[in-house]
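Trainee: Could we go through this model together, taking the contacts of a single side chain as our point of departure and working outwards from there?

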Amino acid sequence: MHIWVDADACPAVVKDILFRAARRTEVPVTLIANQMMRVPPSPFIRSLQVPAGFDQADRRIAESVQAGDLVVTA
């Protein structure tokens, strides 16, 4: 399982919940946004930057997601 997040409009409180869950459960979380995002140091949390543009983060998630993953997006 992997958690993919379209982080461009994701509220900070939701990101904080996901960060805590990733550390506690050791499930990888990847935030994808059109700007670089700061994430806490953890082997289970990372961020990826995509080019600016409509639905770029969603497209990257669609390319990467696999069966059994969880996607958080608008």
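Trainee: With which side chain does Thr-30 make a polar contact of 3.2 Å?

Mentor: Bear in mind that this is a predicted model. The side chain of Thr-30 takes part in a polar contact of 2.7 Å with the side chain of His-2. The contact of 3.2 Å, also between side chains, joins Thr-30 to Arg-46.

Trainee: Is Thr-30 buried or exposed?

Mentor: Thr-30 has its place in strand E2, and, setting aside neighbours within four places in sequence, it is in contact with His-2, Ile-3, Trp-4, Val-5, Arg-46 and Leu-48. Its relative accessible area is 1%, and since the cut-off for burial is under 20%, Thr-30 counts as buried.

Trainee: In what order do the strands of the sheet stand?

Mentor: The sheet is an open one of 4 strands with parallel pairing, and its twist averages 20° from one strand to the next. Within it, E1 and E4 pair in the parallel sense over 3 bridges, with Trp-4 standing opposite Val-71 in E4. The order of the strands is E3-E2-E1-E4.

Trainee: Which strands stand at the edges of that sheet?

Mentor: The order E3-E2-E1-E4 describes an open sheet. A strand at the edge has a single partner strand, so one of its sides is left without a neighbour in the sheet, and the strands in this position are E3 and E4 (70-72).

Trainee: Against which strands do the buried residues of H1 pack?

Mentor: Helix H1, covering residues 12-25, has 14 residues and reaches 20 Å from its first C-alpha to its last, close to the 20 Å expected at 1.5 Å a residue. Its buried residues are Lys-15, Leu-18, Phe-19, Ala-21 and Ala-22. Seen down the axis of H1, these buried residues fall within an arc of 165°, so they line one face of the helix. The strands against which they pack are E1 (3-6), E2 (29-33) and E3 (45-49).

Trainee: Which exposed residues does the face of H1 turned away from its buried side carry?

Mentor: The buried side of H1 includes Leu-18 and Phe-19. On the face turned away from that side, the exposed residues are Val-13 and Arg-24.

Trainee: Which residue follows H1 with a positive phi?

Mentor: Most residues other than glycine have a negative phi. The residue in question has a phi near 60°, although it is not a glycine, and is found in the loop between H1 and E2. With a relative accessibility of 52%, against a cut-off of over 50% for exposed residues, the residue counts as exposed, and its name is Glu-26.

How values were computed. Residues are numbered from 1 along each chain as its sequence is written. This is a predicted model: local features need pLDDT of at least 70, side-chain atom pairs count only at pLDDT 80 or more; totals for chains, interfaces and linings use all residues. Side-chain values use heavy atoms; hydrogens and water are left out. Helices (H or I, at least four residues) and strands (E, at least two) are DSSP runs, numbered from the N terminus. The expected span of a helix is 1.5 Å times one less than its number of residues. Buried means under 20% relative accessible area, exposed over 50%, partly exposed in between (1.4 Å probe, protein chains only). The arc is that of the directions from the helix axis to the C-beta atoms. Contact means heavy atoms within 4.5 Å. A polar contact is a pair of N or O atoms within 3.5 Å; within protein, one must be able to donate a hydrogen and the other to accept it, and residues adjacent in sequence count only if both atoms are side-chain atoms. Two strands pair if DSSP finds at least two bridges between them. Axes are lines fitted to C-alpha atoms, for helices over the stretch in contact, and angles run from 0 to 180 degrees between N-to-C directions.
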